[in-house]
Amino acid sequence: MRLTDAERAMLDGERGDACSRAMDLLVRYGEALGAECLIETRNVAGAFNASTPSVRHMAEDGFDRVFSELNLDSDDVVEIPHMAVPTCQLITGIDTENYALQGVDPALAEMQVAGERFFGRRGINMMCTCTPYQVGNVPVRGEHLAWMESSAVIYANSVLGARTNVEGKESAGAAGLTGRIPYWGLHLDENRFADRLIEVEIDVDDMADWGLLGYFVGHAVEDAKPAISGLGHTPTLWKLKHFGAAAASSGGVELFHMPGITPEAETLDHAFGGSARPQPIRYGAKERIATWESLQSAQDRKVDFIMLGCPHNSIEQMAEVAQRLDGKRIHPDVALWVHTPRAIAEVARRSGYTEIIEAAGGVVMSDTCPAISRRLPEGVRVIATDSAKQAHYLPAISSRQGWFGSLAQCVDAAVTGTWTGGPT
Ligand code: F3S
């Protein structure tokens with residue numbers, strides 16, 4: 001791999017041991033990928049924390065060890081300096097305020113808080129959400145990023161026009177210390193054109209419908225780059241967030257093109273870079289119903305857990321949840337968790353939304369989600385969610401039954417304890 005003088009100096013240890021190991025890791029990783037050089041980044045989003053029981057023994061030796069082992073793949077413990085470039089923490093496994101509801105040992109929650117302080121002092125902004133673009137980390141078009149988290153990556157590439165592959169803990173950690181990431185994949189112009197065409201033949205407007213379309217697209221194109229045509233409505237941030245998260249779950253989509261929305265795709269021709277368009281894959285009423293059915297893994301209509309906020313809710317979504325719950329009471333056998341970034345939770349609290357949700361018997365959670373933490377309210381058997389991504393993962397990883405539906409259907413199930421949702 002070609003290195004600049006500054007990169008060679010980092011590799012040779014001019015900026016210390018941790019930086020040298022980070023550069024070595026990036027060179028090995030880049031060479032394995034066939035990258036010819038590194039690209040500068042000033043925007044890293046990764047995972048740096050002590051939120052799982054398996055990390056606890058490492059954290060007992062100090063957080064330098066946690067970073068060395070998890071983010072630099074180093075058995076030797078090296079002292080971790082301040083990050084070279086702005087870096088943020090994605091979602092964690094623990095809500096440091098609601099950890100008892102998650103069934104988290106207080107000592108582990110304390111360790112999480114101590115880890116946040118340690119990493120925060122080293123320049124890692126504790127956003128603690130899978131949606132950093134909702135709370136201040138909003139990259140600009142063409143900006144090179146080193147981001148983990150598939151739902152954030154697809155949003156950054158497709159809605160914001162920034163450039164990132166799906167990084168891992170190690171490459172994101174190394175990027176934070178060096179301000180570099182291998183120059184390959186979606187960083188390169190030639191790899192960003194669409195190579196599949198989805199023709200939407202039905203109205204897609206409701207948030208559940210955006211999730212269904214995304215889930216269909218991911219399944220249909222796997223890890224290709226679809227262009228979507230035939231859309232009749234301009235989606236909001238949260239609809240695009242749901243669409244992308246779903247497409248990145250059923251498939252490995254990291255970039256989609258919606259003409260007029262994706263910055264690089266003013267038109268379909270722009271999306272395909274002037275190349276001939278492939279035969280379209282049609283999405284009509286039949287495909288919508290089949291996708292809906294594929295997301296249901298439950299038979300029992302008696303639900304006991306409602307999960308909202310995957311990806312983490314925007315403030316508009318928090319307002320809608322509160323509005324739908326206002327004056328209602330959640331069924332005594334049901335738990336309702338609503339997930340949102342902590343920064344948005346504060347706005348929700350000040351706006352009175354949290355009070356309404358709590359008065360109904362729900363809980364506003366931040367920092368985590370059940371699929372990441374693998375923690376559910378005790379005794380849960382049947383889950384319902386308004387997120388195609390959560391419906392894809394949570395029942396499978398927790399061995400529970402799961403329903404997918406609209407927010408209205410989920411709120412109805414929370415109040416009645418019974419799932420009556422259907423594909424409307
Ligand atoms: Fe975020 Fe967890 Fe969903 S990380 S995208 S809320 S599975």
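Biologist: What limits apply to the model, and how are residues numbered?
Modeller: This is a predicted model, in which local features need pLDDT of at least 70 and side-chain atom pairs count only at pLDDT 80 or more, while totals for chains, interfaces and linings use all residues. Side-chain values use heavy atoms, with hydrogens and water left out, and residues are numbered from 1 along each chain as its sequence is written.

Biologist: Which helices each supply at least two residues of the shell around the ligand?
Modeller: The surrounding residues include Cys 369, Ala 371, Ile 372, Lys 389 and Gln 390. Helices are DSSP runs of H or I with at least four residues, strands are runs of E with at least two, and both are numbered from the N terminus. The helices asked for are α16 (370-373) and α17 (388-398).

Biologist: From which domains does the shell around the ligand draw at least three residues each?
Modeller: Among the surrounding residues are Ile 91, Cys 130, Glu 149 and Ser 151, and also Gly 309, Cys 310 and Pro 311. Domain bounds come from an automatic or database domain assignment. With these bounds, the shell draws at least three residues from each of domain 1 (5-189) and domain 3 (305-416).

Biologist: How many residues of strand β11 are buried?
Modeller: Buried means under 20% relative accessible area, exposed over 50%, and partly exposed in between, with a 1.4 Å probe and protein chains only. In a regular strand the side chains alternate between the two faces of the sheet. In β11, Ala 335, Trp 337 and His 339 lie on one side and Leu 336 and Val 338 on the other, and all are buried. Strand β11 (residues 335-339) is largely enclosed by the rest of the structure, because the buried count is 5 of the 5 residues.

Biologist: Which residue in β11 is the bridge partner of Met 307?
Modeller: Two strands pair if DSSP finds at least two bridges between them. Strand β10 (residues 305-308) runs parallel to β11, joined by 4 bridges. Phe 305 stands opposite Ala 335. Phe 305 and Met 307 point one way from β10, and the partner of Met 307 is Trp 337.

Biologist: Which strands stand at the edges of the open sheet of 4 strands?
Modeller: The order in this sheet is β4-β3-β2-β5, with parallel pairing. Each edge strand has a single partner strand, so one side of each is left without a neighbour in the sheet; these strands are β4 (124-125) and β5 (146-147).

Biologist: Which residue of β14 stands opposite Ala 384?
Modeller: Strand β13 (residues 382-385) pairs with β14 in the parallel sense over 4 bridges. From β14 (residues 401-404), Gln 401 and Trp 403 point one way and Gly 402 and Phe 404 the other way, all of them buried. Opposite Ala 384 stands Trp 403.

Biologist: Is Ile 80 buried or exposed?
Modeller: Ile 80 is placed in the loop between α4 (63-71) and β3. Its C-alpha lies 8.7 Å from that of Asp 17, a residue 63 positions away along the chain. At 3% relative accessibility, Ile 80 is buried.

Biologist: What is the relative accessible area of Thr 424?
Modeller: Thr 424 lies in the segment after α18 (407-416). Thr 424 and Ser 406 are 18 residues apart in sequence and 9.6 Å apart in space, C-alpha to C-alpha. Thr 424 counts as exposed, with a relative accessible area of 84%.

How values were computed
A residue is near a molecule or strand if one of its heavy atoms lies within 4 Å of it.
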